[in-house]
Amino acid sequence: MRQITRQFILWYGLFETFVFTGNIFGWTALHYMLRQEGIYEHVCDTQGNDTHTYANETESSAVNLRGYRTCEAQDSILNLAYTIGSFCMGSTSFVWGFLLDKWGLRNVRLIINGLITSGCILLSLTIRETSFLLFSFINPVMYRWSPFTSG
């Protein structure tokens, strides 16, 4: 393999890693943002009678120190979305292995980059009224793991 090709593969792999692989590690910030935007807020008790309270709070106020409402039902649904996405991330290794053998690494990575991009765009368009689409938007982002680690 020529030296210029090796250099290109190295720099493209680094670029691809920096751009497309931070989604799983950024779940904490994404979870905070989804909760703040009111995704799945309709499952919360609107009276403020949540059973979970934090330190220095009264029983009737379910607001944490940063000023947004907390809700265990909302947190559990968002954590379920993360769990399902993480499962999809690991379970698609079998499928990506066949596709890598059949189509090659370049084509499979282009497909995966398209899935990640479309998933991120759709995830950014999620609003309170379309909360139910979160599960179908987060899965394309998580389908990508194996071919990125096999290159």
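Helix H1, residues 3–20, gives the most, with four residues. Met 1 sits in the segment before H1. The relative accessible area of Met 1 is 71%, so this residue counts as exposed.

Now the overall fold. The protein chain has seven helices and zero strands. From the N terminus on, the order of elements is therefore α-α-α-α-α-α-α. The chain has 151 residues, and buried residues make up 36% of them. Contacts reach across the sequence. Among contacts between residues at least 6 apart, 73% join residues at least 24 apart. Thr 92 and Tyr 143 are 51 residues apart along the chain, yet their C-alpha atoms are separated by 6.4 Å. Thr 92 is placed in the loop between H3 and helix H4, which spans 93–103. With a relative accessible area of 14%, Thr 92 is buried.

Next come the charged pairs. Side chains of opposite charge can pair when their charged atoms come close. How many salt bridges does the count come to? The count comes to two. One of them joins the side chains of Arg 35 and Asp 75, at 3.2 Å from N to O. Arg 35 lies in helix H2 (residues 27–37) and Asp 75 in helix H3 (residues 72–91), so this pair ties together parts that are 40 residues apart in sequence. Are these two residues buried or exposed? Arg 35 is buried, and Asp 75 is buried too.

Glu 41 and Arg 128 also form a salt bridge, with their closest N and O atoms 3.6 Å apart. This pair links distant parts of the chain, 87 residues apart. Glu 41 is in the loop between H2 and H3. Arg 128 is in the loop between helix H5 (105–124) and helix H6 (134–142). Glu 41 has 31% relative accessibility and so counts as partly exposed. Arg 128 has a relative accessible area of 44% and is likewise partly exposed.

Most residues other than glycine have a negative phi. Phi of Tyr 40 is near 60 degrees, a positive value in a residue other than glycine. At 8% relative accessibility, Tyr 40 counts as buried.

A disulfide is a covalent bond between the sulfur atoms of two cysteines. The structure holds one. Which cysteines does it join? It joins Cys 44 to Cys 71, with an S to S distance of 2.3 Å. Both cysteines are in the loop between H2 and H3, 27 residues apart. The link of Cys 44 and Cys 71 is left-handed, with -120 degrees about the S-S bond. Cys 44 is buried, with a relative accessible area of 7%. Cys 71 is buried as well, at 4% relative accessibility. Cys 120, by contrast, is partly exposed, with a relative accessible area of 32%.

Last, confidence. The mean pLDDT of the protein chain is 75. Of its residues, 73% reach 70 or more. Where is confidence highest, and where is it lowest? The highest mean is in H5, at 86. The lowest is in helix H7 (residues 145–149), at a mean of 55. Over residues 49–61 the pLDDT is below 50. This stretch still has 18 contacts in the model beyond near neighbours in sequence. Where pLDDT is low, the predicted coordinates should not be read in detail.

Note on methods
Residues numbered from 1 in each chain as written. Predicted model: local features only at pLDDT ≥ 70, side-chain atom pairs only at ≥ 80, totals over all residues. Heavy atoms only, no water. Salt bridge = Lys/Arg side-chain N within 4 Å of Asp/Glu carboxyl O. Helix = DSSP H or I, 4+ residues; strand = E, 2+ residues; numbered from the N terminus. Buried < 20%, exposed > 50% of the residue type's maximum accessible area, 1.4 Å probe, protein only. pLDDT = per-residue confidence, 0-100. Contact = heavy atoms within 4.5 Å. Disulfide = S-S within 2.5 Å.
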